[in-house]
Amino acid sequence: METDGFYPLRPIQRWLLETHFNKLDSTMMNISALFRFDEKFDFELAIQYTMESLNAHDIFSVRLVRHPETGEFCQRFDGEIKPLFIEYLSDEEFERRKENLIRPYEIIDQPLYRLEFFVTPTAKYVFFDCYHVMLDGIAAMILFWKEVEMRYCGKKVARRTLNYSDYILDELKIPPEELEEGNKFWREMLKGFDETRHLPPPDVEGSQQWRQNTLIIDLENITHEFFAQTAYSENTFFVAATMLAIARTTGAKTSVMSWVHNGRHTAQERRLVGIMIEQFPISWNFEKDLSAGAFLSGLEAKIQSGMKYRHSLGTIYDEGLENDCASLIFQKSDIGAFNGTAFAGLPVEMVDLPPSKYAAAENFLDLELNLGNDDKYFVYFDYNASRYSETAIENFAATLDEIVLALQDESKMISEILTAKG
């Protein structure tokens, strides 16, 4: 398919960019990490192999531009991959520098990632930051850095069979009539969404709009061992628990929310460095009572049914149908190429970064559910503090944890779970 070098944004890219338009001076679309490496780590070699990996994937040459004829945002894959270098700083200088590592992107015809190597008298650091419209967490923190690690260790890197630009062209070949059934499916799924019934009630008014806050709260009532003998996935279980927690806090008989899938279904997609995630809507009507086991089985089937319509999600992105939904993403473990412990056999540590002074909340309520190395779960809440106080989020987390416990009894009726008082 002829593009003249200008490629359309994929629906998820377009949606994320449009979500950011009202807060373009914020860092709400940044994916950032700072790592401290062992002193034995060879930075010169690391830069060499990092450059090789950057040049191996066309997504790192992407630039957002306006099409010269239509004026619409699109993307080109011909940007320069600039050389990397080591910056030498004192420990005090580096501490000051950390305050401004995370900063907004100039999105028009500019690089959409940052890679910075620092050496101080006491440590070696790598800072990696990218704009979410080009990369998701799996691509940024796992696929890319795993490839750099393989090169560093002298291992053969499998030949890349698909560029991100090729993937865009393949999607453009899907006939519109194949997408229409999915369009109807997703509109029906989100029909009747109402933030007063399908979001926890707000308890803050009059604050600065879209002020971001985050909280990390452990789930005390479940461990990974529980899922060894279940017929449904962890993702389905926690989507179910979140839907019930929202329904209990609002008193509604329906629940509507969204959940995030990594978007990698085939062997080629699992190796593709770029943004592949998709945000799927899900809804349930609790008017008809059923057991926890029946609910979980039914929800699993509904989720799987929706997966076949993934290419039609552009409809809900373009029409903003799930913009205000609570959203859940389940991470099997902490995202990170080094898993917080080692890179190329050498110790490495993820370093906390100061809060960005440009931060803004992306959505009303996002829940990132993580499975830690101790086989216990914790939830990273990213929420609009202009709508919710910390107390409100803590109360919601407590309700969620109670429901997580109740939902493990598959004979328990959903009506009982929804009316229980902790």
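A quick word on terms before we look around: a residue is buried when its relative accessible area is under 20%, exposed when that area is over 50%, and partly exposed in between, using a 1.4 Å probe and counting protein chains only. Helices (H or I, at least four residues) and strands (E, at least two) are DSSP runs, numbered from the N terminus. What you see is a predicted model, in which local features need pLDDT of at least 70 and side-chain atom pairs count only at pLDDT 80 or more, while totals for chains, interfaces and linings use all residues. Residues are numbered from 1 along each chain as its sequence is written, and side-chain values use heavy atoms, with hydrogens and water left out.

Let's start with helix α8. Because 15 of its 17 residues are buried, α8 is largely enclosed by the rest of the structure. Just after α8 comes G251, with a positive phi of about 75°.

Now for the salt bridges, each one a side-chain nitrogen of Lys or Arg within 4 Å of a carboxyl oxygen of Asp or Glu. By this rule there are 22 of them. One joins the side chains of E116 and R103, at 3.9 Å from N to O. Since E116 belongs to strand β6 (residues 113-119) and R103 to the loop between α3 (91-98) and β6, this pair ties together parts that are 13 residues apart in sequence. E116 is buried, at 13% relative accessible area, whereas R103, at 31%, is partly exposed. Both also belong to a network of salt bridges that links E87, R97, R103 and E116.

Another salt bridge connects R187 and E319, whose closest N and O atoms are 2.8 Å apart. Here distant parts of the chain are linked: R187 sits in helix α6 and E319 in helix α11 (residues 314-319), 132 residues apart. R187 is partly exposed at 34% relative accessibility, and E319 is partly exposed at 41%.

Stay with helix α6 (residues 176-190) for a moment, as K184 is found there too. With 55% relative accessibility, K184 counts as exposed. K184 and Y309 are 125 residues apart in sequence, yet their C-alpha atoms are 9.9 Å apart in space.

Next, the surface. D218, E220, E225, D374 and D375 form a negative patch. Patches like this are made of residues with over 30% relative accessible area and no salt bridge, with like charges joined within 9 Å and nonpolar side chains (Val, Leu, Ile, Met, Phe, Trp, Tyr) within 5 Å. Asp and Glu count as negative and Lys and Arg as positive, with His and the chain ends not counted. One member, E220, lies in strand β8 (residues 212-223) and is exposed at 62% relative accessibility.

D375, also in that patch, sits in the loop between β14 (365-371) and β15 (376-384). D375 is partly exposed at 38%, and its phi is near 65°, a positive value in a residue other than glycine. A344 is not a glycine either, and has a positive phi of about 55°. Look for A344 in the loop between β12 (342-343) and β13 (346-351), where it is partly exposed with a relative accessible area of 21%.

Notes:
Accessible areas come from the Shrake-Rupley method with a 1.4 Å probe; for residues, only the protein chains shown count as cover. The place of a charge is taken as NZ of Lys, CZ of Arg, CG of Asp or CD of Glu.
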